[in-house]
Amino acid sequence: MNAVTRIAVVGAGQAAAVAARALRRRGFDGAIEIIGAEAHRPYQRPPLSKEFLADGLGGDGSGSDGSGSDSADSDLFLLPADWCEANDVRLRLGQEATRVDSAAGAVELADRTRVPADAVLIATGGRPRRLTTSATSDARVHYLRTLDDALRLRERLLPGAHVIVAGAGFIGAEVAATARGRGAEVTVIEPREAPLLPLLGARVGTACAELHRANGTRLRLGVAVESVEETAAGVVVTAGGERTEGDVLVVGIGIVPNDEVAARSGIAVADGVITDEYCRTSVPNIFAAGDVARHFHPLFGERIRAEHFDSASRQAAVAAGAILGEARAYDDPYWFWSDQYDASLQYAGHAAGSDEIVIRGSLEDLDFCAFYLRRGMLRGAFGIDRGAEVTAARELIGQRRAVPPGALADTETDLAELASTAPQEPDIPQEATARGNIA
Amino acid sequence: MNAIPPMNENPLANTAPLAVEPAGEWLQVAELAELKRANRKKVMVAGTSVILFLIGGRVFALREACVHKQRPLSKGTILRGKVVCPGHQWKFDPETGQAEDRDECQPVYAVRLDSGHVYLNPRERVPDTGSRV
């Protein structure tokens, strides 16, 4: 492989920003261009459903206000103008990429501009999944993905307003919590019998439902949205045959990966851009990271498309290394947080396929950590106000430490200590890694 | 500088010299024995909540409220010698307060040990952080 001299990043979110910083930190001194469809400088998404939605942070990111010169802005904006200037990173904002012409070494934009690049990182993220029962033109139906979405939604989260939320996943739950914090009435409609049921199971999901109820959020569980009508005064949502009237409907039912650029470029996609453990796609010199990437995770032995801030950041750093010829896999356990009401929810690992749940603390008191085991091995952990336990679990999972369930349940056992003392499971078999290697 | 206790021979004495010797009064804030059960103890210093950690045989003092979102470091974890915030898992060097992979610094305090007593200098230390790529 010839030395890379020009790198283009398609997408301008968390992964793009981390990749640019990582490339410069590693001493890459060639051209870096970041192509973003939005007009804003790269910004963090986690605050958009939490503190930014609640009270904003100042600055719109499109001009000098996005320079990140004060701490509030630097909370949101990832690549301030002065940093880009000092590090010679070019942002092409408000421009849409259509495909990568890997043979010619260029990214094609919608306006027919060709951005030359001998390595490309695809970090196009995702877009909200739409409610099929609602017209996209509805002014009172909101989705939340972008900074502009958050600014529009904030206008609706007023004291006394009735906010209906479709979907009790993390975005829906955070919007509900923020709306309550702003004095709105909130009803959450969720088709499953408990929030986060597929991820956490019924017992822990029910505890999450209690967290909502304890904070005055009404839940309508086990009913799917059947229709949405806009009226002069608001919106009427029918679910389970029952009508709920509100001022606004916020839909949080997941995202669809923006893998069209990759597909048009002849890159293998399957609900996301398929990558190996090094974030390499099926086409040489093209890499993918973040929400759009369906990455082979060596620790869990399968291809997973994660939608977390932390994995996007770490994958981007790994992709930056891979672009420069390093062979370091992204194999950290997943980790994410969700601040809801005054509670800190955190999750580590990958609980899919777990066959045993061990609870430490009290589900009833909403002060617990749930550990998810598969064939006796710790695979995932979810806690409410148990950041220390989730930190330790993340470490235990990453190191494949074998921890007796009794120790997990025992509040007197220091889990952080076990992270250096418990026996380690042998390395995963080679064939598992080979399966992920598509390059 | 006054009221600095004499340094006796102590197997748990902090050994690293301070980059800048802080001025001001040293306050006796805890007994070393109190830190041994949970490897930590919360103390109040001039109206500010400070968390003492016993890590690798040394005592460190950090402001309790995390510089990021004010979550209490007292409920955090010690991993590989770093203090991990329970809120959003920012990792801090307990000596300098420097956040791992970030520009921010957690305010820290100088600590001295003498005859099983823990002394703290109430002046916060926030090291200079250069700009970072």
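**Exercises on a predicted two-chain model**

**Exercise 1.** Work out which residues of helix α5 (residues 147-156) of chain A are buried, and on which side of α5(A) they lie.

The model is predicted, so local features need pLDDT of at least 70 and side-chain atom pairs pLDDT 80 or more, while totals for chains, interfaces and linings use all residues, and side-chain values rest on heavy atoms without hydrogens or water. Residue numbers start from 1 along each chain as written, with chains lettered from A and ligands numbered from 1 in the order of writing.

**Exercise 2.** Describe how helix α1 (residues 14-25) of chain A packs against helix α10 (residues 309-323) of chain A.

*Solution.* Begin with the axes (lines fitted to C-alpha atoms, for helices over the stretch in contact, with angles from 0 to 180 degrees between N-to-C directions): those of α1(A) and α10(A) are 8 Å apart and meet at an angle of about 40°. Then list the residues in contact (heavy atoms within 4.5 Å), which are Q14(A), A15(A), V18(A), A19(A), A22(A) and L23(A) from α1(A), together with F309(A), A312(A), S313(A), A316(A), A317(A) and A320(A) from α10(A).

**Exercise 3.** Find the strand order of the open sheet in chain A that has 5 strands, and say which strands form its edges.

*Solution.* Strands (E runs in DSSP of at least two residues, as helices are H or I runs of at least four, numbered from the N terminus) follow one another here as β22-β23-β26-β25-β24 of chain A, with antiparallel pairing. The edges are β22 (335-340) and β24 (356-362) of chain A, each of which pairs on one side only, and the twist from one strand to the next averages 15°. Within this sheet, pairing (at least two bridges found by DSSP) joins β25 (residues 367-374) of chain A to β26 (residues 377-384) of chain A through 7 bridges, and Y372(A) faces G380(A) in β26(A). Finally, helix α8 (residues 202-214) of chain A lies across β22, β23 (343-349), β24, β25 and β26 of chain A, at about 155° to β25(A).

**Exercise 4.** Decide whether R294(A) is buried or exposed, and name the residues it touches.

*Solution.* First locate R294(A), which belongs to strand β20 (residues 293-297) of chain A. With a relative accessible area of 19%, R294(A) is buried. Leaving out residues up to four places away in sequence, R294(A) touches A270(A), D271(A), G272(A), V273(A), I274(A), T275(A), R303(A), I304(A) and R305(A).

**Exercise 5.** Characterise the hairpin of β4(A) and β5(A).

*Solution.* Strand β4 (residues 97-101) of chain A runs antiparallel to strand β5 (residues 106-109) of chain A, and 4 bridges join them, with E108(A) as the bridge partner of R99(A). Between the strands there are 4 residues, and G105(A) takes a positive phi near 70°.

**Exercise 6.** Count the elements of chain B and describe its open sheet of 3 strands.

*Solution.* Chain B holds 1 helix and 10 strands, and 44% of its 133 residues count as buried. The sheet has the order β5-β6-β7 (chain B) with antiparallel pairing, and β5 (77-79) and β7 (91-92) of chain B are at the edges, each with a single partner strand, so one side of each lacks a neighbour in the sheet. Over 3 bridges, β5(B) pairs with strand β6 (residues 82-84) of chain B, where L79(B) stands opposite K82(B).

Note on methods:
Buried means under 20% relative accessible area, exposed over 50%, partly exposed in between (1.4 Å probe, protein chains only). The arc is that of the directions from the helix axis to the C-beta atoms.
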